[in-house]
Structures are given as C-alpha cells and as structure tokens.
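Subject: Structure handover

Hello,

Here is the structure for your files, with notes on what came out of it below.

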Amino acid sequence: ADVAFGLSASGITLAIGWGATAVAFAALHRRAFSRDGDELLVRLGIGAHIALALARALIDAPPSALGHSPTDLVSTLSVAVLAASCLASGYLAGPRTAVWVRAVNAVGLAAVAYLTAQALTGAGEVTAFALEAAALARIARHSGDGFPRVAMLVFLGLAALHTLAIEAPPSALLTGIDSLPQTGVALGALALAQLLIARTDRQLRPLLVTGSAAALLYLASAAIITAFQPSSAGVAGTLLDLSARQEGQVLLSACWSVVGLVGLVAGLRGNSLAIRNASLGLLLLTVMKVFLYDLSTLTSLYRVASFIALGLLLLAGAFAYQRLRPPAAPDMRTVDRTLR
C-alpha cells in the first residue's frame, strides 16, 4: 500500500498520507494487545511512516534553504504535517514516559523548530523560539514530565544563540548594531520569555531572572555603543581629545559599574544570593573591561577619570557590603543541643 501510494501521489499529498497513517498506527497502539509482538509491529509501523514523512519534508524543504527568505507554502505545509503527525502519534501512543514515545515527540519538536527557522527570519524567529519555550514550560508544569522541561531549555537556547549570532553578536559592544529595533524585539522577547518561565519553574527561577536582566542590560549596552559610533546621526567630532567611539566605551563602563553597584545593594537589602552574585560578577567584568580594553584605547585624561570613577564605585560597593551583608551562620558547636 505504501509503495502504491508513493507511486500514485506526489508532493504534499505524500506527507499528509504517511503522517495520517502514522497517527492511525498510534491510535491502534492504545488498544490492549495480547502479545508483545503485536505492539512491536505497531511501533514499527509508526516509526516507518514517520520516517517516510520526514524524508518527504526534507525533500520539500531542504536544509540548504534555511536562513533565506521564507519558502513556498508546499514546503511549509510538509514540515508542519511532519510536526503534527509526530506530536499526535506521541500523544495517542500511550505512556509518555516510554523511550520510543519520547523519541517520537523529540522528532516532532525538532520539526517545530525546523518549521520556525524555515518560515521566519530575524527577530520574528527569535520571538517564536522564545514563545515556544514559554509554552513548553507551561506543559512541563501541568504534566510533571521532565521531557518538556528539557525541550523548553533547548528552545530557549535556540533563541539565545540566534540572537547572539545574528541580531546582536558580541561585536556589537565594539562597533554597534545595524538595526536597533530588530535587536530590541529579539532581546526583549528573550527577556520576557525567561520571566514567564520563571513564574512556573521555581528551581530555575534565579538563573532565569538573571538571564532576563542580562538580556536587557545587553540591549542597553548595544544601544549605547550604537549611539556613539562615528557614523551615527548627531554624533560627530570629539569631546576634548576623546573620539565619539571612545565616548561610548566610557559610558558603557559607567553603565555597567552603576548597574552592578545598584544590583549589589538591592541583593544585600533583599538578602538575595542570586542578585548579589550576578552584581559582583558584573562588577568584576567591568574591572576586566577597564583594565584590558579601556586602558589601551582611551586617552590619558580619560584613563585617569575612568579609573577614579571605577575605584569610587568599588569603594561604595565595599562599604555597602560591609554594612548590609547577611550575618554569618552561627557555629553549631556553641548552640544548645535542643536548638540545633
């Protein structure tokens, strides 16, 4: 039947037919079989037809087309049929904790990611990945299964990697970015998705909140550098003997120092270990930037000013830490046994 269908049909019809057959085999698997061999044959039927649908999708939408303008409707529908058939088969097949069911769901989620990369580009692709991660976090919360949680982290990682590779690469902290609105949408979606996931995942909440704050700080940093590029409108000439690009680096160091100090004070007052550690890490990063980059690029006058400003902020942070740091844990050897 599969051979006859493959010879008589073509295009999207093949993907729909084989995907629907996989779903039909999954529905059969829900029935109680008297012999283990029957279950094995049904699982082989599911896997074989998903493999046929996968091959058809890769023919209609080859990987070489990724990264270009959105493809035609047939290729998009072919990948969408593959994703729908895999997810429906995983839902109908039975216990979701089975290894082979998770493999089917993994293929379906991979098809969803492939479809997102195929149909969207730029900030829209990052936004879609971020929203898909937030949706998987909700599924993980209600199902209690660890697989959607792992998939959520994968989709969130795809959004972050796409942003750092295309929309806002690390070179943006040196030369600025081409499109600030596109970068703002991408980093804003990434920050919002992490906050939404943090509401449902208590275990990862400190890390996700820190990542959201880092995304917003990265956006502000890229905006500062972009505004002070020599080719930017309204920025020209020098300030005393400091060029426009150097002005941006001075402001960037000042921004990081102030944010680190404010975060340190907030973490001390709120007794939040995650905020304190993130703020101390940002201050350490600022010190490294001032010593390794600003010291070699700024003129002598602004080197002195940069070091004085950074030193004062670090002294203020040390004073705040001394006054507001949490009390040390008591020595349990000195505590009465009834209170231990």
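A helix here is a DSSP run of H or I with at least four residues, numbered from the N terminus. Please keep in mind that this is a predicted model.

Overall picture. The secondary structure of the protein chain comprises 13 helices and 2 strands. Of the 340 residues in the chain, 37% are buried. Taking contacts between residues at least 6 apart in sequence, 64% join residues at least 24 apart.

Surface patch. Helix α12 spans residues 273-297, and F291 lies in it. F291 belongs to a nonpolar patch on the surface, formed with L284, M288, L292 and L295. Together these residues have about 510 Å² of accessible area. F291 has a relative accessible area of 46%, so it counts as partly exposed: the partly exposed class runs between the buried limit of under 20% and the exposed limit of over 50%.

Buried charge. The other residue to look at is E125, found in helix α6, residues 122-143. Which side chain of opposite charge is nearest to E125, and how far away is it? It is R56, at 22 Å. E125 is buried and has no salt bridge; a salt bridge would need a side-chain nitrogen of Lys or Arg within 4 Å of a carboxyl oxygen. Leaving aside neighbours within four places in sequence, E125 is in contact with T116, A117, L120 and H162.

Regards

Definitions and conventions: Residues are numbered from 1 along each chain as its sequence is written. This is a predicted model: local features need pLDDT of at least 70, side-chain atom pairs count only at pLDDT 80 or more; totals for chains, interfaces and linings use all residues. Side-chain values use heavy atoms; hydrogens and water are left out. Patches are made of residues with over 30% relative accessible area and no salt bridge: like charges are joined within 9 Å, nonpolar side chains (Val, Leu, Ile, Met, Phe, Trp, Tyr) within 5 Å. Accessible areas come from the Shrake-Rupley method with a 1.4 Å probe; for residues, only the protein chains shown count as cover. Buried means under 20% relative accessible area, exposed over 50%, partly exposed in between (1.4 Å probe, protein chains only). Lys and Arg count as positive and Asp and Glu as negative; His and the chain ends are not counted. Contact means heavy atoms within 4.5 Å.
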